[in-house]
Amino acid sequence: MSFAHRHLLGIEPLSQSDITSILDLADKYVALNRSAHKHSDALAGLTQINMFFENSTRTQASFELAGKRLGADVMNMAMGASSIKKGETLVDTALTLNAMHPDLLVVRHGSSGAVDLLAQKVNCAVLNAGDGSHEHPTQALLDALTIRRAKGRLHRLSIAICGDIAHSRVARSNIMLLGKMENRVRLIGPPTLMPSQIDEFGVEVFDDMREGLEGVDVVMMLRLQKERMDGGFIPSEREYYHRFGLTAEKLAHAKPDAIVMHPGPMNRGVEIDGEIADDVTRSVIQEQVEMGVAVRMAAMDLLARNLRESRAAAASKDTYV
């Protein structure tokens, strides 16, 4: 498999081949996770540390389960009670962790670029579990796997990403990944929730749901990132739902076999109608959760292979010096 990367910090450095390698391996882990024996030794003997500086339920649980199913020793650090609260810098934390010789470091942080900074200070493989409004690569990869399994392909599809684009790292990573795989991407939302450099994204932009959803294959709804908003981005949740919430009437403008996605957690009656979210014929939201474990298993497996190869090469070089 082609995946010559030390870390997984974002979608931007990945090629089509890299993305396909992760998804192909993830497909195999989907089968493993559905079997009676949900265990592999791919990470046996390795230590995985999960550092979540922001609250998370789905992502942290998914990474923890992925690591344990691969045979890693998994430790979750309670960052809310860490030395960061006592004034320790992020770099100091990285150096302290590095002295413990972890092999895989999974990090979520509220500041864009923080995970990249950590990766520069440690000797292990680092996975970005979301940094600020920057990127969330494994979410985009699990979304891609969900789409590929539901539609039979991951290219030349028409995909609408709807809602709070400006504050969403999920949207940013998905825009890059779907663009790399030659899909037509539409962004739908109010102008106040669109990034200022939207013209540079290579996408179509709509502020009307019905027009934007016309004939699309995939409808990806986003959560309103209220914790990242410091002003009046929307008049009210009721008005937002009226204009940009996904209802059966709006969804009717998409293709009859269009699938509905949401990274979660959902705000029912704000971003999406509850009946649409629970419609087993259209919604693949639960499948996204399942694919998340498989994709994170695949990503950690590939990074662990590269880590072991680099360590073996370094040891061999030291032997001959």
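**Strand pairing and nonpolar cores in the predicted model**

Strand β5 (residues 158-162) pairs with β8 in the parallel sense over four bridges; pairing requires at least two DSSP bridges between the strands, and strands (E, at least two residues) and helices (H or I, at least four) are DSSP runs numbered from the N terminus. The model is predicted, with local features needing pLDDT of at least 70 and side-chain atom pairs counting only at pLDDT 80 or more, while totals for chains, interfaces and linings use all residues. Residues are numbered from 1 along each chain as its sequence is written, and side-chain values use heavy atoms, leaving out hydrogens and water.

The largest nonpolar core has 65 residues, and Y29, L141, I147, I161, L177 and L187 have the most contacts inside it. Such a core is a set of buried Ala, Val, Leu, Ile, Met, Phe, Trp, Tyr and Cys residues joined through side-chain atoms within 4.5 Å. Helix α11 (residues 285-320) gives the most to this core, with eleven residues. Another core, of 23 residues, lies apart from it and includes C162, L224, V260 and A277.

Definitions and conventions: Buried means under 20% relative accessible area, exposed over 50%, partly exposed in between (1.4 Å probe, protein chains only).
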